[in-house]
Amino acid sequence: MTSTESDRSASAPGSPEASETAVDEPTRTDTSHPKTYAAGVPAVAVSMKRGFTQMGPVRTARTLLELNQRHGFDCPGCAWPEKPGGRKPAEFCENGAKAVAEEATRRRVTPDFFATHSVAELRERSEYWLSQQGRITHPMLLRDGATHYEPIDWADAYRLISDELAALDSPDDAVFYTSGRTSNEAAFVYQLFARSLGTNNLPDCSNMCHESSGHALSTTIGIGKGSVSVLDVENADLILIAGQNPGTNHPRMLSILGDAKRNGAKIVAINPLPEAGLMRFRDPQRPGDILGAGTTLADEFLQVRLGGDMALFRGLAALLLRAENADPGTVFDHDFLETYCSGVEDYLALVADTDMDEICEATGLRLAELETLARLWISSDKTIVCWAMGLTQHKHAVATIEEVTNTLLLSGMIGKPGAGVCPVRGHSNVQGDRTMGIWEQMPESFLAAVDSEFGITSPRRVGYDVVDALRAMRDGKIGIFMSMGGNFVSATPDTEVTKAAMARCRLTVQVSTKLNASHLATGSVALILPTLGRTDRDIRDGKRQLVTVEDSMGSVHLSRGSLTPSSDCMRSEVGIICELAETVLGSDHAVNWSGLASDYDRIRDHVAAVVPGFENFNDRVRQPDGFLLPHPPRDSREFPTESGRAVLTVNDLEWLPTPQGRLILQTLRSHDQYNTTIYGHDDRYRGIKGNRRIIMVNPDDLAELGLVDDQPVSIVSEFEGADGLEERRIDDFRVVSYPTPRGNAAAYYPETNPLVPLDHVATKSNTPVSKGITVRLVAAP
Ligand SMILES: Nc1nc2c(c(=O)[nH]1)N[C@H]1C(S)=C(S)[C@@H](COP(=O)(O)OP(=O)(O)OC[C@H]3O[C@@H](n4cnc5c(=O)[nH]c(N)nc54)[C@H](O)[C@@H]3O)O[C@H]1N2
Ligand SMILES: Nc1nc2c(c(=O)[nH]1)N[C@H]1C(S)=C(S)[C@@H](COP(=O)(O)OP(=O)(O)OC[C@H]3O[C@@H](n4cnc5c(=O)[nH]c(N)nc54)[C@H](O)[C@@H]3O)O[C@H]1N2
Ligand SMILES: [Mo]
């Protein structure tokens, strides 16, 4: 028996015979002290254990050996890049291994499962329980008024969608959402399908994620992507990590930070929480490290208040200006500013007005701490700022990221080795999906190129992003909602509003690997279309198909799955989209859909003709490390803004004071989840176990609010909407005393999404404000 056969043979809970996987739902909170180090032996042990439980030993060995290898598949865990040339065997991290185990699981959700459990019954189950049931094996239909999903043929499913699309008044009454695991090839044909129908309604998870980064960077440097490579990070003098928890969400980044440290870099963590991964790191790739104390990563920890980062960077700029005035020519890069930038004088005039007392109040930091940062900044020739959701999910997120860029520009830190901006993306191909045209407002140059390549006429009306799509759905304007992966209902804000919005659709369609809440909050009619994931072998027309992805630093490479799919009934994302498109648009449509589905090289040839930077795509992506997309500021200090110069921007200072008797809440990830997919109930590095319905509060705030550790509470959010004060409430939470700044609290996403108002969005980027929610705690009776 070959290993591919044997991995199917074991009978386990959740195997085809079983119609449910037994799952423990712990509820007792157990808190110990937050850990001060990340990774090391426990991390390796946890990955192996998860692998065995979900996949069995053979699949575990197979998948972990092929993870992120040149001949293997791209890790579905995160978008952090591989180091070019030097992939070590078994270069994976605990959470990447968990993401793989969850996808490659032998557990199955079969038609039997759906016959046993009604939709009403499944709605009562937690996201954790749903996640743990396994891979969906068959296309399923929920008829209007039915209590259970039933199996449906692929051809019938496509005809049903086609009939519903034909019944719409306008193609703009349909919405096509994308989550960031979708391959470049699937993303490209998906947007082509939507645009062939006549709509730009292409919201994606990026709208809730790095949209603010894309917006700010496009304005300031002319391209919405990061400007550094892994080698730059390794060779930097100073690395600031703001609003990011890499120990949990990008663990492979820690190895590179460890290398940078050994090369002499200083690392500054800017975070309200003392995250373990930023404090100390034991590298599982270095045997000595695992057993020893590991590397202390952060030289400085700036415990900033939530939403205080704009003030922090403004304060830093003010201290830099002071130092420059005291000793002209020693701090700012005048040549760079004169040659490449605009807006310098206006920005410096604003900075000169900075009130350092306000900066200290806004950040919660002492002046001495900011002065230390300024000293490190001045003595560094190569500075990188990394950031993630702690910066992007605030009302003033775009202004904050513009402020970060301003500070880097003052010192000429863009477009030279070892320096630059580094927004660290989330989903493994979220950046590639955008490059492929998944955006409600792709520029004219892209639309015109699509039109001339295929002979179609793409619509020019700007489509809906996530929040606008939800508003349109809520208002009954949308007939069909289709989702390419993801879990729209749990990931979006205002859960109750979202569920009601879904219910107003005539048809909801989910192309999914695993069961989630979006399969249970449906339109009148609903379809689940089961798809292959990264780890699965994808064979079409007898040919093994490859897909490609783009990492967080603009490098494009191949991914090829090798596992036997969980059922013969699953289809690839590309296959599903092309078969659906041919049913809807006909076999005489301008796009040869069946041709694209039978050979993904043909899709790549079209991409090469449409998207700049993808010339000779098929050849170049087959080189060992793939290829790097052009980035004019990084490559040649060319700034493709309107003026051709990098722009220093002027924004009024914004920060988040805590109102009397209230707390500012951030919603974040535990160590044991992938977004809305919950792996378990332990947040190991934060020392919180057995319960996710908790809220972390500073002990002094607890005392002031008259609460004690572990007390049951309800959380009520307050938001000044157009019609006055709005409140939202969630119950059955417990307080956990935790070292977060005074006035700031933290709790897990997605349990807290019902608290985030749909209209509470970031200025300009329309991203839901998931890290700055005003709440009050109500003691449970
Ligand atoms: N294992 C695992 N990996 C993942 C994911 C996952 O769920 N699990 N999700 C993926 C996705 S889609 C994404 S976008 C990324 C997310 O990666 P992160 O952005 O690291 O995710 P969050 O858990 O939201 O963590 C936000 C961090 O910012 C800090 N923070 C919050 N507010 C502020 C603030 O106002 N200022 C500052 N300076 N810091 C703040 C929080 O304390 C926390 O450390 O990870 C990706 N990788
Ligand atoms: N309150 C709050 N809300 C947030 C955030 C927050 O920090 N706080 N973070 C936001 C962010 S950064 C993001 S990116 C979004 C995430 O939003 P989404 O991307 O929509 O959510 P996920 O939980 O990643 O989606 C998980 C589902 O994707 C499906 N899936 C997994 N792999 C594949 C695949 O290969 N193909 C297909 N077709 N389906 C697959 C599975 O069925 C699984 O149930 O959530 C956002 N929401
Ligand atoms: Mo994300």
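1. In this predicted model, ligand 1 meets the backbone at Gly243: a polar backbone atom of that residue is 3.3 Å from an oxygen atom of the ligand. A polar atom of Asn271 lies 2.7 Å from one, and a polar side-chain atom of Gln666 lies 3.1 Å from one. On its own, ligand 1 has 920 Å² of accessible area, and the protein covers 99% of it.

2. The shell around ligand 1 holds 32 residues. Asn271, Glu275, Asp309, His394 and Asn675 are the closest. By type, the shell has 17 polar, eleven nonpolar and four charged residues.

3. Where does the shell around ligand 1 come from? Helices α11 (246-249) and α20 (389-392) each give at least two residues, as do strands β25 (663-668) and β26 (673-674). Domain 2 (211-423) and domain 3 (663-779) each contribute at least three.

4. Ligand 2 has its own set of polar contacts. The side chains of Tyr177 and Ser179 each place an N or O atom 2.7 Å from an oxygen atom of ligand 2. For Gln393, a polar side-chain atom lies 3.2 Å from an oxygen atom of this ligand. The protein buries 96% of the 930 Å² that ligand 2 exposes when taken alone.

5. Around ligand 2 there are 30 residues, and the closest are Tyr177, Ser179, Ala491, Glu573 and Thr676. This shell divides into 16 polar, nine nonpolar and five charged residues. At least three come from each of domain 1 (109-159 + 167-194 + 460-628) and domain 3 (663-779).

6. Domain 3 deserves a look in both shells: it supplies at least three residues around ligand 1 and at least three around ligand 2.

Note on methods: Residues numbered from 1 in each chain as written. Chains lettered and ligands numbered in written order. Predicted model: local features only at pLDDT ≥ 70, side-chain atom pairs only at ≥ 80, totals over all residues. Heavy atoms only, no water. Near = heavy atom within 4 Å. Polar contact = N/O pair within 3.5 Å; in protein donor to acceptor, adjacent residues only side chain to side chain. Areas by Shrake-Rupley, 256 points an atom, 1.4 Å probe, with all protein chains shown as cover. Helix = DSSP H or I, 4+ residues; strand = E, 2+ residues; numbered from the N terminus. Nonpolar A, V, L, I, M, F, W, Y, C, P; charged D, E, K, R; others polar. Domains from an automatic or database assignment.
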